[in-house]
Amino acid sequence: MTQSTISLTAFRPDHLEGALRLSRQAGWPHRLEDWQLALDLSAGVVALDTDASTVVGTILMTPYKRDVATVNMVIVDESARGRGLGRQLMEAIIEQAGLRALRLVATGEGLPLYQKLGFHRTGTITQHQGMVLPVATPVNVRPAGPHDIFGIIELDRSAFGADRRCLLRTLAEVGQLAVLDRGRGVTGFAASRAFGRGEVIGPVIAANVDDGKALLSFFMARSEGRFVRVDTAEASQLSAWLSEHGLVQVGDGIAMQRPVAVQSSPSTSTTFTTFALASQAFG
C-alpha cells in the first residue's frame, strides 16, 4: 500500500463490513448493528486502498441541526498509520461540518493532532463497564411515554447546547428512554440501548448527582448480572458509585471542542453521561 493508492470517499453502507474490521483491529466492541446506527445518524468519510478495495480509515460526523456536530469513529488501519491519513480524514470532516462547532473525545495519542486543528480541551470522560451488581429500583423514575418526548428534547437541548431530537427519537426506537418525574413534570432523563458486549446507558441528563444516580439505577436494576457500559463526565462525581455497583473505570478520554464564531447556547443543566460516540459518541 502506498499513499498514491489511498483515496477518500463518502462513507456508504457497503463500507460497513470494512469499518467493522477496523474497529475489531482497534479492540473496540462494536457490532455491525452499532456501526449501522452510527452511520444512520451521521455523514462520514472512508479511506480506501484502491488496489485492494479495502477500507483503511473511517470517520463520522453526527450533526445536530446547524449548531453542533460530534466527530466519531476515527480509526486508521495499523498498516496505514504514520502517513498523515488521520489528518486528511479530520480535514475532510471539518469541511463537511461547515460552520458547526465540533466536539469529540480524544485519546492521548490523538490529542496533538486535534489541537493543531483548533480543538481545545473541555473536560475528561471516564468509561465504566462491567457486570451490574444489585441496585435498588428508584422511585420517581418511569419509562418515558410518547407524551414525554418534547420535554426530553428541551431538557437535552438546554444541557447539550444543541437540538438532538433525531438522536433521541432514534434511541427511543432502538432502545428505551426513562424519565425522572416527581409529579411536577419531567426533570431528567436517561437512555439505554444494546451495544457491543451488552448495553450502554446514555445520555443521562440530570440536575444533580442524586438524580443522576436514580436515572442510572432504573436501567441498572433491570440489567443486574449483565454487561453494561456508562461513559460519564469526570466532574459528575459518579465514578465511585458506579464502581461500587460493578461498573469499574476502565479508561478515560479527553473531551474537546472546536468552536466557531457563533457559539452554541451555554448549558444550564448537568450532563452526567455524554452520548458516548473515542469512540465516545457511539462507542
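**Exercise 1. Locate Glu199 and decide whether it is buried or exposed.**

Step 1. Glu199 lies in strand β10, residues 198-206; helices (H or I, at least four residues) and strands (E, at least two) are DSSP runs, numbered from the N terminus. The model is predicted: local features need pLDDT of at least 70, side-chain atom pairs count only at pLDDT 80 or more, and totals for chains, interfaces and linings use all residues. Residues are numbered from 1 along each chain as its sequence is written, and side-chain values use heavy atoms, with hydrogens and water left out.

Step 2. Buried means under 20% relative accessible area, exposed over 50%, and partly exposed in between (1.4 Å probe, protein chains only). Glu199 has a relative accessible area of 15%, so this residue is buried.

Step 3. Contact means heavy atoms within 4.5 Å. Apart from neighbours within four places in sequence, Glu199 contacts Ser192, Arg193, Ala194, Ser223, Arg226, Phe227, Val228 and Arg229. Arg229 is 30 residues away along the chain, yet the C-alpha atoms of Glu199 and Arg229 are separated by 6.3 Å.

**Exercise 2. Classify Ala172 by its accessibility.**

Step 1. Ala172 belongs to helix α6.

Step 2. The relative accessible area of Ala172 is 38%, so the residue is partly exposed.

Step 3. From Ala172 to Met73 the separation is 99 residues in sequence and 22 Å in space, C-alpha to C-alpha.

**Exercise 3. Identify the buried residues of helix α2 and the elements that cover them.**

Step 1. In α2 (residues 32-40), the residues Asp34, Trp35, Leu37, Ala38 and Leu39 are buried.

Step 2. Their cover includes α1 (16-25), β3 (54-64), β4 (68-76), α6 (165-174) and β9 (186-195).

**Exercise 4. Determine which strands pair with β12.**

Step 1. Two strands pair if DSSP finds at least two bridges between them. Strand β5 (residues 101-106) is antiparallel to β12 (residues 248-258), with 5 bridges. Strand β6 (residues 120-131) is also antiparallel to β12, with 9 bridges.

Step 2. Ala255 of β12 is the bridge partner of Val105 and also of Gly123.

**Exercise 5. Describe the largest nonpolar core.**

Step 1. A nonpolar core is a set of buried Ala, Val, Leu, Ile, Met, Phe, Trp, Tyr and Cys residues joined through side-chain atoms within 4.5 Å. The largest has 25 residues, of which Leu85, Met90, Leu102, Leu104, Phe119 and Met256 touch the most other members.

Step 2. Two or more residues come from each of β2 (43-49), β3, β4, α3 (85-97), β5, α4 (111-116) and β12. The greatest contribution, 6 residues, is that of α3.

Step 3. Beyond four places in sequence, Phe119 touches Met90, Ile94, Leu102, Leu104, Tyr114, Met256, Gln257 and Arg258. A second, separate core of 22 residues includes Phe219, Met220, Val228 and Trp241.
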